[in-house]
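Me: I'd like to talk through this chain with you. Could you take it piece by piece?

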Amino acid sequence: TTFQDGGEEVEDGAVYNVTLKKVQIQQAANKGARWLGGEGDQLPPEHTVRQYETSKIRAIKAGTLEKLVENLLTAFGDADFSYISIFLATYRAFASPRAVLELLLDRFGNLETSSHGEVANLNSLESEMVLRAEIASVLRAWLDQCSEDFREPPDYMCLLKLLDYLKNNMPNSDMESRVQNLLKQFQNQEVEAVDGFCSTSSSDLVDGEELEISNPEEFSSFQDHVVAEQLTYMDVMLFRRVVPYHCLGSIWSQRDKKENKNLAPTVRATITQFNAVTKCVISTILGTRELKIQQRAKIIEKWIHIAHECRILKNFSSLRAIISALQSNSIYRLKTTWMCVSKDILLMYEELSEIFSDHDNYLTSRELLMKEATSKFANLDSSEKENQKKSQKRLQLQKNKGVMQGTVPYLGTFLTDLIMLDTALQDYVEGGLINFEKRRREFEVIAQIKLLQSSCNSYCLIPDQKFLQWFRRQRHLTEEESYKLSREAEAAADTNILSPKSQKSMVKRISTLFLGTDVFTPPKEQPLKSSPVGGSSGESTDSASVSSCEFNHSETEDVCVTPVSSPEDPLKKSSVGSDKGYDSDKGSISSDKGSGSSKGSIFEPGSGSDSGSIPSRDSVLSSAPRALAVYNRQSEGSCIIRVSMDGLHASVYKSILITNQDRIPDVTQRALLKHNLEPDAVEDYELVQVISEDKELVFPRDANVFYGMNSHVNFDFILRKKA
């Protein structure tokens with residue numbers, strides 16, 4: 001089979017990409033070979049005659065909403081077999097369920113063209129049956145893949161409209177029964193806010209329970225694998241509930257608006273759980289003042305063992321939460337305590353930390369996640385023989401149980417990718433057509449989330465109520481409290497130790513500590529305030545969210561834990577706040593260097609776009625591939641910058657796409673819009689780039705931001721009200 005680019009077809013309200021598919025359908029002996037009695041499939045090529053068939057594949061690239069909905073009925077005939085799934089997974093970015101349903105039932109229910117585009121007579125029984133079958137196929141897929149779209153309490157208008165259509169057009173059908181059952185199910189269910197198993201509000205506590213600081217003895221009584229299994233149990237329950245379209249950059253980026261406080265609850269729940277795990281780690285290590293250094297080191301060792309058990313269970317969410325907590329300022333600075341951690345365990349910690357290295361846009365964690373997603377059990381490799389033996393022994397115990405494992409990802413990776421896509425690609429192209437190529441790119445990420453959700457059905461974990469109650473009772477320390485307790489545990493011998501440090505060199509520094517180096521002064525990279533907890537990158541990426549995301553662009557709504565990594569370190573974005581710590585507007589944790597293109601990444605130059613060019617309005621209609629703009633790197637006239645408001649935590653930012661044509665008023669207006677402020681107030685603000693702790697670059701009124709900015713430091717800006 002060979003494929004050939006067939007160019008584009010333009011219709012009123014739609015643009016299609018055409019591909020010609022050439023398939024060999026027959027191979028026969030030529031005349032001379034037949035005379036000799038030869039068979040075609042047993043002869044060399046020069047003695048055979050091949051017959052080929054060429055078919056045309058039409059895939060819509062851009063169109064009006066009406067055309068996109070109409071294409072649901074014609075896509076199969078155009079050989080665009082994945083179109084329905086892509087549309088259903090992404091349409092919430094540009095339309096509501098009611099708008100799509102009304103078009104499908106009211107307008108296209110009377111469509112005068114069949115699935116093959118031939119004029120049909122609606123009075124013809126055959127054409128009515130074809131049309132009814134096409135609509136039924138779309139509705140069936142909708143109910144199968146996105147039934148949550150119809151959960152609209154208390155009226156359920158869409159579901160009632162659908163039921164009315166089925167009663168009139170497909171009475172007594174299986175579809176009608178199914179919709180009736182779904183309506184009853186929704187009506188009988190109480191509207192449940194997703195329970196993150198980790199909320200510490202008093203309403204979630206059983207009568208008589210109070211929040212408490214962890215008792216070291218009680219924590220030590222839980223076996224390492226039990227803790228890991230229970231954390232995985234909670235993560236699996238939450239991840240399976242995640243509604244994929246909640247992760248879309250255009251939706252997730254709107255979460256911090258007042259009217260959207262309940263937006264994307266399934267994603268918020270996973271973020272809350274991530275932050276709860278991170279805070280639990282910190283409170284168990286620092287919460288008890290009376291602990292001796294050796295006792296505190298033992299607790300750190302226990303958490304490293306638990307992290308390793310999470311790795312065996314392929315739970316990358318809690319694994320990252322634990323590593324993030326251990327790399328937070330308050331824990332990382334405990335120099336003497338870390339020196340008491342055994343060498344073998346320290347090496348295990350280093351290997352686990354390397355999984356989330358920001359090198360090549362987190363290539364290691366991306367490749368590992370995809371590798372684990374399709375395997376029955378974890379693929380464990382260790383450079384240290386003792387750790388390898390222990391890992392294989394624990395893994396063998398898992399295999400002996402005969403139960404396959406799923407994979408729980410770090411959701412921040414996907415949030416970041418989707419935010420970057422939303423920032424770098426236009427929603428509409430020339431003529432006001434919806435850019436559906438953007439939705440195809442987003443679906444590549446959504447499909448990965450769905451695959452991993454499906455894999456989570458393989459877990460067979462039983463809740464341990466004793467541990468769950470203990471976990472729920474933990475009182476989480478604020479960032480200030482944990483830092484104060486850390487200072488009490490070990491006074492700072494060197495103030496530089498408190499500065500955020502890059503993740504890459506951290507492992508080496510800890511090794512140096514173990515080898516006995518008395519004093520080390522890590523390079524000073526960024527003011528403490530700049531280590532956010534989440535953030536995102538995307539045109540509308542807020543850094544104020546709940547973040548445990550993986551790019552260099554995350555957002556944080558509340559910063560509780562300040563990891564010891566550089567602004568580019570995703571771990572530093574592992575915030576721990578009630579509903580704000582790991583979230584990411586359009587992305588997630590940000591790692592300044594990590595947003596570049598990488599092998600296997602959706603931002604790879606060859607994976608759909610040409611390096612660094614900014615998509616123009618009609619870029620989708622252009623045959624030349626273009627690459628996505630990224631943070632911290634100028635490429636072919638575009639880049640992404642992060643803009644925070646003066647007076648707010650630096651991690652609360654929005655990611656803005658700028659080009660070499662943008663001047664201060666344009667960028668300022670976009671930043672105000674992203675921060676939900678009045679865009680007409682452009683004259684009241686000035687834009688400055690943060691160069692270092694004590695240096696800023698102030699831009700003149702009409703300066704070109706792209707050419708005027710300092711490209712050798714982080715692309716971090718502040719929007720400040722003029723005096």
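**Working through the chain**

Reply: Ser330 is buried, its relative accessible area being 4%, where buried means under 20% relative accessible area, exposed over 50% and partly exposed in between, taken with a 1.4 Å probe on protein chains only. This is a predicted model, in which local features need pLDDT of at least 70 and side-chain atom pairs count only at pLDDT 80 or more, while totals for chains, interfaces and linings use all residues. Residues are numbered from 1 along each chain as its sequence is written, and side-chain values use heavy atoms, with hydrogens and water left out.

Me: Which helix does Ser330 lie in, and what is Ser330 in contact with beyond its neighbours in sequence?

Reply: Ser330 lies in helix α14, residues 329-332; helices (H or I, at least four residues) and strands (E, at least two) are DSSP runs numbered from the N terminus. Leaving aside neighbours within four places in sequence, Ser330 is in contact with Ile282, Leu286, Ser482, Tyr483 and Ser486, contact meaning heavy atoms within 4.5 Å.

Me: Zooming out, how many helices and strands does the chain come to?

Reply: The chain comes to 25 helices and 13 strands. Of its 723 residues, 56% count as buried, and the accessible surface is about 30900 Å², of which 48% belongs to carbon and sulfur atoms; those areas come from the Shrake-Rupley method with a 1.4 Å probe, and for residues only the protein chains shown count as cover.

Me: And what share of the contacts join residues at least 24 apart?

Reply: Among contacts between residues at least 6 apart in sequence, 72% join residues at least 24 apart.

Me: Helix packing next. At what angle do α9 and α21 cross?

Reply: The axes of α9 (residues 224-241) and α21 (residues 465-473) cross at roughly 75° and come within 10 Å. That makes α9 roughly perpendicular to α21, since angles of 65 to 115 degrees count as roughly perpendicular, under 35 as roughly parallel, over 145 as roughly antiparallel and the rest as oblique. The axes are lines fitted to C-alpha atoms, for helices over the stretch in contact, and the angles run from 0 to 180 degrees between N-to-C directions.

Me: Which residues make the contact?

Reply: From α9 there are Val227, Gln230, Leu231, Tyr233 and Met234, and from α21 Phe467, Leu468 and Phe471. They divide into 7 nonpolar, 1 polar and no charged, with Ala, Val, Leu, Ile, Met, Phe, Trp, Tyr, Cys and Pro counted as nonpolar, Asp, Glu, Lys and Arg as charged, and the others, Gly among them, as polar.

Me: How many salt bridges does a search of the whole structure find?

Reply: The search finds 28, a salt bridge being a side-chain nitrogen of Lys or Arg within 4 Å of a carboxyl oxygen of Asp or Glu. One of them joins Arg178 to Asp144, with the closest N and O atoms 2.3 Å apart. Arg178 lies in helix α7 (residues 174-188) and Asp144 in helix α5, so the pair ties together parts 34 residues apart in sequence. Arg178 counts as partly exposed at 33% relative accessibility.

Me: What about Glu488 and Arg289, where does each sit?

Reply: Their side chains meet in a salt bridge at 2.8 Å, N to O. The pair links distant parts of the chain, with Glu488 in helix α22 (residues 479-489) and Arg289 in the loop between α11 (265-286) and α12, 199 residues apart. Glu488 counts as partly exposed at 43% relative accessibility, whereas Arg289 is exposed at 55%.

Me: And Glu442 and Arg439, buried or exposed?

Reply: Glu442 and Arg439 are both buried, and their side chains meet in a salt bridge (2.8 Å, N to O). Being 3 residues apart in helix α20 (residues 436-455), they are separated by about one helical turn.

Me: Which residues are linked in a network of salt bridges?

Reply: Glu9, Glu11, Lys56, Arg58, Lys67 and Glu70 are linked in such a network.

Me: Backbone now. What joins Pro153 and Pro154?

Reply: A cis peptide bond joins Pro153 and Pro154, with omega about 0°, and Pro154 is found in the loop between α5 (125-146) and α6 (157-169).

Me: And Lys314, what is its phi?

Reply: Phi of Lys314 is near 60°, a positive value in a residue other than glycine. Lys314 lies in the loop between α12 (293-312) and α13 (316-326) and is buried, with a relative accessible area of 0%.
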